[in-house]
Amino acid sequence: MFLGSISRPIASIRGVGSKAEAMLQKAGITTVAGLLRRYPRDWEDRNQYVPLARFSLNSRACTTVTVIDQQWIGFGRMRTLKLIVRDETAKAALLCFKQNFLEKKFVPGSRWFISGKFYHKNGEIQSSAFDYEALGGDGGGSKSFGKILPVYPLSGDLTQKMLRKLVENALEQFVNGETVEDEIPGSIAAREGFLSKRDAIRAIHFPLSMEELEKARRSLIYTEFFYLEIMIGKRALERKGAAADVRPSSAAGGTLSALQQRLIERLSFELTRGQREAITEINADMSGPYPMARLLQGDVGSGKTLVAFLACLKTIEEGGQAVLMAPTELLARQHAENAARLLEPLGVRPAFLTGNVSSQGRRELLKRLAGGEVDLAVGTHALFSAGVEYRALNLVVVDEQHRFGVTQRSRIMAKGRMPDLLMMSATPIPRSLAFTVFGDLEVSSIRDMPPGRKPVKTHLASQSSEKRVYDFVRRELAAGRQAYFVYPLIGDDENTGDSGLKNAVSMAERLAAEIFPEFSTALLHSRVDEEEKRRIMESFRRGETRILVATSVVEVGVDVPNASCMVIEHAERFGLSALHQLRGRVGRGSEQAYCFLMYSEQAKHGNEGQLNFRGSLTEEGKQRLRVMLENSDGFVIAEEDLKLRGPGQIAGIEQSGYLKLGLADPVRDIRELIKAREDAFAILQQDPGLLLPDHRVISRLMEEAPPFEEVNL
Ligand code: ADP
Ligand code: MG
């Protein structure tokens, strides 16, 4: 029997009465297996004798003591028992807050095992949080000392003592003497020296040594990853299997198609190496028998759009339609304009579709889409709304894919018949996520930039030195450049409780009237209507507007090479990927560009630039600014982001099984993850049906005790 199949109710564990049952159920534990998979969050090594004189700050002492005196501190209801004890090395005071009943137990002369957190105070060694157990007459036979104890995550009224006891009982009744089956193919377990499942589950709760604990963790972590990757791999196989009879594979593999050649010849620049490699990989995928599922990642400004257009050309050339979907209307419009400029001369018929196209024009457009008179549809999520039909949608390109949910992606996919999928992102996906959440995607990475780009110079400044920043920007403007000013809020009405926060509306007025009266200023945020937005962007792009005051709507995709300054006020309020994207709006031309991250602080201000923050900055806020200052590589920033925020905040995670892992942490345990992935994929490749004797355990486990039931990859 697999561990996961021990579905007996918790009530069948010795010691679980109706009260304990209710408490466990409240904590989400209903079965024996559920309890055994409630892994400790830490372990307390009571094997290690740490005498009183040698406890170190924040660590514990674990020793045997003799009670030498009982004293009392405080008065009335605050009266508290203070026990004076000693071991071979020192004396200490145990403060028994709310435990005055210990007076009866800890009589002078009695001896105890003690484990607790100690500190120095008033010339004494003290503890007010300690565990104890009577030292048996013969000095041995302790229940909780001389071993390594699990420390469980608690909730509700659950206590460590209770969980320890119940887990111990559960192990005794259902695991120790029983046949708990191993879950990993024997050849892998032998290669890695894993513990048997039975030993591993016992040792993760009650390890006999720290070495055994480490072995148990390794075995269980690998197992979690292995099954996650098996699921991902099977998913990819199914997709390919379903596709094999739908798609003929076309001949020309990685080589450029005729239309692609023609576009490249018309460009005034050469493709970068990253772009060339990406299009080669994409072409190979698109010629293959299975639909492409590829993620194209590359830093802001690395030229992903062009790669997307090249991909579209191949589809169009073969008689299909392509869509290019962007998260904002602004960005969609920019793409549409580029498509018109670059692709129309090649005979491509592009169209632009957003929610705002008037009903008359819309009906006309839908007819052309359904009739196959449009080759490339560029737009927002309106591209997959009801009523939009395509004659032969063969390629879906999703720009800034992290802005779209999984459901949106599948809705656009459903408009075609197994279309190729190309997702693009300037927020690179950390490897740990690429292997889990996006586990069945192929990845192309553009790691170089078009030549001539200089890295953006990033500076930190406190809000109180805004004048120096504004003066700097004025010089840039005077030299003919343009600038962005970005704020976390649109207007005053949003200013709920955050007094003192600058907002876009009032700063637009102040910048125009007081600070830069000699330059033209415009204001852009999500409440500006689309037509107005378009006019503003157009004017900024032509250089008629010199200063664009905005919220994070300019975050994605907008491309104005003459802009050289990005000023982000209250920068600590923005997430890392937003900051990185915003900074990427400048430095797109050949001039040196600058990014100012301005942070708020309280009256007393630190040495600006020295990373000496004061006041309202949270630790995480500081960390983010530090990361921005020290890194320009989006790949590194994405990893840092994941470390700071944890995976829970990242789109698509919930559906992925990532959070259903128990012990394993894809970021921390990336090496195990890679190993498990390689093993799982190799097995699926060699034996897709999982029929070989050594692999049968995999299909049986997936059937009898699926590890990720509700996962939707
Ligand atoms: P992103 O990857 O951020 O979407 P874009 O596709 O918007 O980047 O490209 C940024 C700018 O770089 C555009 O103005 C584009 O025309 C230009 N560009 C793209 N590829 C090259 C290249 N190989 N050489 C020079 N400029 C390029
Ligand atoms: Mg882009």
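Predicted model: local features only at pLDDT ≥ 70, side-chain atom pairs only at ≥ 80, totals over all residues.
Let me start with Glu124 and Lys82, whose side chains meet in a salt bridge with an N to O distance of 3.2 Å, where a salt bridge is a side-chain nitrogen of Lys or Arg within 4 Å of a carboxyl oxygen of Asp or Glu. The pair links distant parts of the chain, since Glu124 sits in strand β6 (residues 124-134) and Lys82 in strand β3 (residues 80-86), 42 residues apart. Helices here are DSSP runs of H or I with at least four residues, strands are runs of E with at least two, and both are numbered from the N terminus. Glu124 has 23% relative accessibility and so counts as partly exposed, whereas Lys82, at 11%, is buried. For those words the cut-offs are under 20% relative accessible area for buried, over 50% for exposed, and partly exposed in between, with a 1.4 Å probe and protein chains only.

Residues are numbered from 1 along each chain as its sequence is written, chains are lettered from A and ligands numbered from 1 in the order in which they are written, and side-chain values use heavy atoms, with hydrogens and water left out.

Staying with salt bridges, the count by this rule comes to 39. Another of them joins Glu212 to Arg202, with the closest N and O atoms 3.0 Å apart. Glu212 lies in helix α7 (residues 210-244) and Arg202 in helix α6, so this pair ties together parts that are 10 residues apart in sequence. Both partners count as buried, Glu212 at 15% relative accessibility and Arg202 at 17%.

What is the setting of helix α6 itself? Seven of the nine residues of this helix, which spans residues 197-205, are buried, so it is largely enclosed by the rest of the structure. The buried residues of α6 are Lys197, Ala200, Ile201, Arg202, Ala203, Ile204 and His205.

Lys533 is buried, and so is Glu530. There is a network of salt bridges as well, linking Arg191, Glu192, Arg218, Lys675 and Asp679.

Now to ligand 1. Which residues come nearest to it? Of the 16 residues around ligand 1, the nearest are Glu270, Gly301, Lys304, Thr305 and Asp559, a residue being near if one of its heavy atoms lies within 4 Å. By class, this shell has four nonpolar, six polar and six charged residues; Ala, Val, Leu, Ile, Met, Phe, Trp, Tyr, Cys and Pro count as nonpolar, Asp, Glu, Lys and Arg as charged, and the others, Gly among them, as polar.

Looking at individual atoms, an oxygen atom of ligand 1 is 2.6 Å from an N or O atom in the side chain of Thr305, and a nitrogen atom of the ligand is 2.9 Å from an N or O atom in the side chain of Gln275. For the side chain of Arg588, the distance from an N or O atom to an oxygen atom of ligand 1 is 3.3 Å. Taken alone, ligand 1 exposes 570 Å², and the protein buries 83% of that, with areas from the Shrake-Rupley method and a 1.4 Å probe.

Two single residues deserve a word. Gln297 lies in strand β8 (residues 293-298), and at 5% relative accessibility it counts as buried. Leaving aside residues up to four places away in sequence, Gln297 touches several residues, including Lys304, Ser445 and Phe635, contact meaning heavy atoms within 4.5 Å. Lys91, in strand β4 (residues 91-96), is by contrast exposed, with a relative accessible area of 54%. The C-alpha atoms of Lys91 and Gln126, 35 residues apart along the chain, are separated by 9.2 Å.

Finally, the chain as a whole: there are 22 helices and 20 strands, and of the 713 residues 52% count as buried. Residues 24 or more positions apart account for 73% of the contacts in the chain with a separation of 6 or more.

Terms used
Polar contact = N/O pair within 3.5 Å; in protein donor to acceptor, adjacent residues only side chain to side chain.
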